[in-house]
Amino acid sequence: MRHRVVITGTGIWSCIGTDADTVAESLHAGRSGIGIIRERADYGYQSSLSGIVPDAVLTKNDLSRHVRAGMSEEARYAFMASRQALAQAAIDDDYLLHNEVGCIFGNDSTANAVVEASRVMDEKRDSAMLGYGSVFRTMNSTVSMNLSTIFHIRGISLTVSAACASGSHSIGLAAMLIREGMQQTVLVGGAQETGLHAMYTFDALGAFSKRMDAPQKASRPFDRDRDGLVPSGGAAALVLEDYEHARRRGAHILAEVAGYGFSANGGGISAAAGNGSAEAMTRAMKDAGITPDDVDYINAHATSTPQGDAAEAEALHELFDGSHAVISSTKSMTGHECWMAGASEAVYSVIMMQRGFAAPNINFENPDDSSMGLNITPVAVDMPVGCVLSNSFGFGGTNSALVLRKM
């Protein structure tokens with residue numbers, strides 16, 4: 001028996017809002033969360049552009065000092081998003097204590113915590129000066145281990161490190177476990193650090209936009225005049241449940257995770273490939289039992305880089321030419337949220353489903369040869385959104401696609 005997988009809660013901590021209502025307003029209005037972090041230029045970055053993510057400030061009223069000491073920046077973001085998701089799903093502390101819940105989160109770096117620890121060692125030459133929490137902040141599993149401790153997780157506890165597809169794969173893998181009856185409820189998501197040390201190795205590739213005189217115009221997925229992506233971050237969380245379990249406990253069901261597809265390109269470590277993208281999308285639609293004509297909205301991965309956008313556009317032409325699906329990349333507003341992107345874009349898609357609109361691909365003014373003819377919308381479209389395809393692709397050629405369906 002294949003169990004249906006549903007979403008009963010979402011949470012978000014991003015540059016376009018830290019709650020569902022604010023995020024919905026930003027998405028519908030085409031409001032960018034991108035700005036300048038001057039400190040990056042002083043430090044030697046080529047680009048100071050970034051999604052401006054609010055600090056996740058935790059106090060003793062949120063968590064004990066002992067717990068906070070072991071939380072990295074991205075773990076704090078993830079806690080904020082997860083708390084929202086669990087509250088919306090009506091899962092409280094008593095439920096978590098008496099039921100087995102899992103946790104799978106996407107995260108692929110802990111640069112800030114590692115650099116801070118190295119600095120202390122360089123200066124003090126004494127590991128005792130690092131303090132109790134350093135090891136838990138510097139491990140790549142910092143997010144899932146902290147959330148598992150805080151929320152009394154006794155099911156699967158796992159970090160997915162798959163570059164910019166990490167958050168999406170976390171959803172897909174959790175859905176597979178629930179389908180097979182191995183878990184009833186899993187907290188999933190993705191988190192991305194934004195501190196000073198988080199992005200300089202990425203910046204070294206020269207892949208970031210340098211349109212620093214107009215930050216909110218800098219992220220231009222599919223547009224001919226783009227000059228690179230804008231990094232961003234934060235965290236997104238979703239509660240996935242077995243449909244019958246959610247129904248029995250009276251949970252409000254937001255959407256269904258109907259399909260998951262994946263592939264790898266098998267090529268260059270930073271090279272995009274249309275055939276790999278198309279394979280992931282095709283698998284996701286086959287898994288969901290749908291055709292391209294059933295898809296109402298596509299949340300494209302498109303990061304605002306010429307090679308990556310072109311490869312995805314090629315795949316979208318192959319699969320969706322002649323279909324009615326509206327296409328946009330929410331990265332035009334958020335920038336590229338990296339390890340969290342697959343999860344945040346699933347949250348954005350659920351918000352669109354619930355509120356009846358497709359978000360715009362802002363700054364899409366001049367299609368290039370690859371995007372010409374695609375149904376990319378530069379403005380919000382008020383419409384029923386019953387079925388979404390959400391794409392996430394990452395370094396190493398890892399590809400993930402999700403089909404979400406309104407219930």
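The following conversation takes up several features of a predicted model and asks on what grounds each is described as it is.

Biologist: Why is the aromatic pair of Phe202 and Phe208 called tilted?

Modeller: The two ring centres are 5.1 Å apart, and rings pair if their centres lie within 6.5 Å, so Phe202 and Phe208 form an aromatic pair. Their planes stand at 50 degrees to each other, and because stacked requires under 30 degrees and edge-to-face over 60, the pair counts as tilted. The structure holds seven aromatic pairs, and ring pairs also link Tyr43, Tyr45 and Tyr200 into a cluster.

Biologist: How do you know whether Phe202 and Phe208 are buried or exposed?

Modeller: Phe202 has a relative accessible area of 10% and Phe208 one of 1%; buried means under 20%, and therefore both residues are buried.

Biologist: What makes you say that the charged end of Arg4 sits over the ring of Tyr243?

Modeller: The charged end of Arg4 is 4.9 Å from the centre of the Tyr243 ring, and the cut-off for such a contact is within 6 Å of the ring centre, together with a position within 35 degrees of the ring normal. Arg249 likewise lies over the face of Tyr95, where the distance to the ring centre is 5.5 Å.

Biologist: Why is strand E13 described as largely enclosed by the rest of the structure?

Modeller: Strand E13 covers residues 387-394, and because eight of its eight residues are buried, the strand is largely enclosed. Cys387, Leu389, Asn391 and Phe393 point one way from E13, while Val388, Ser390, Ser392 and Gly394 point the other way, and all are buried.

Biologist: How do you know that E13 pairs with strands E9 and E14?

Modeller: Two strands pair if there are at least two bridges between them. Strand E9 (residues 297-299) joins E13 over three bridges in the parallel sense, with Tyr297 opposite Val388, whereas E14 (residues 398-406) joins E13 over eight bridges in the antiparallel sense, with Ser392 opposite Ser400. E13 and E14 form a hairpin with three residues between them, and Gly396 in the turn has a positive phi of about 85 degrees.

Biologist: Why are helices H4 and H8 called oblique to each other?

Modeller: The axes of H4 (residues 73-88) and H8 (residues 142-150) come within 9 Å and cross at roughly 45 degrees. Angles under 35 degrees count as roughly parallel and those from 65 to 115 as roughly perpendicular, so the two helices are oblique to each other, and their crossing is right-handed.

Methods: Residues are numbered from 1 along each chain as its sequence is written. This is a predicted model: local features need pLDDT of at least 70, side-chain atom pairs count only at pLDDT 80 or more; totals for chains, interfaces and linings use all residues. Side-chain values use heavy atoms; hydrogens and water are left out. Rings of Phe, Tyr and Trp (its six-membered ring) pair if their centres lie within 6.5 Å; planes under 30 degrees apart count as stacked, over 60 as edge-to-face and the rest as tilted. Buried means under 20% relative accessible area, exposed over 50%, partly exposed in between (1.4 Å probe, protein chains only). Helices (H or I, at least four residues) and strands (E, at least two) are DSSP runs, numbered from the N terminus. Axes are lines fitted to C-alpha atoms, for helices over the stretch in contact, and angles run from 0 to 180 degrees between N-to-C directions. Angles under 35 degrees count as roughly parallel, over 145 as roughly antiparallel, 65 to 115 as roughly perpendicular and the rest as oblique. A crossing is left-handed if the near helix is turned anticlockwise from the far one by less than a right angle, and right-handed if clockwise.
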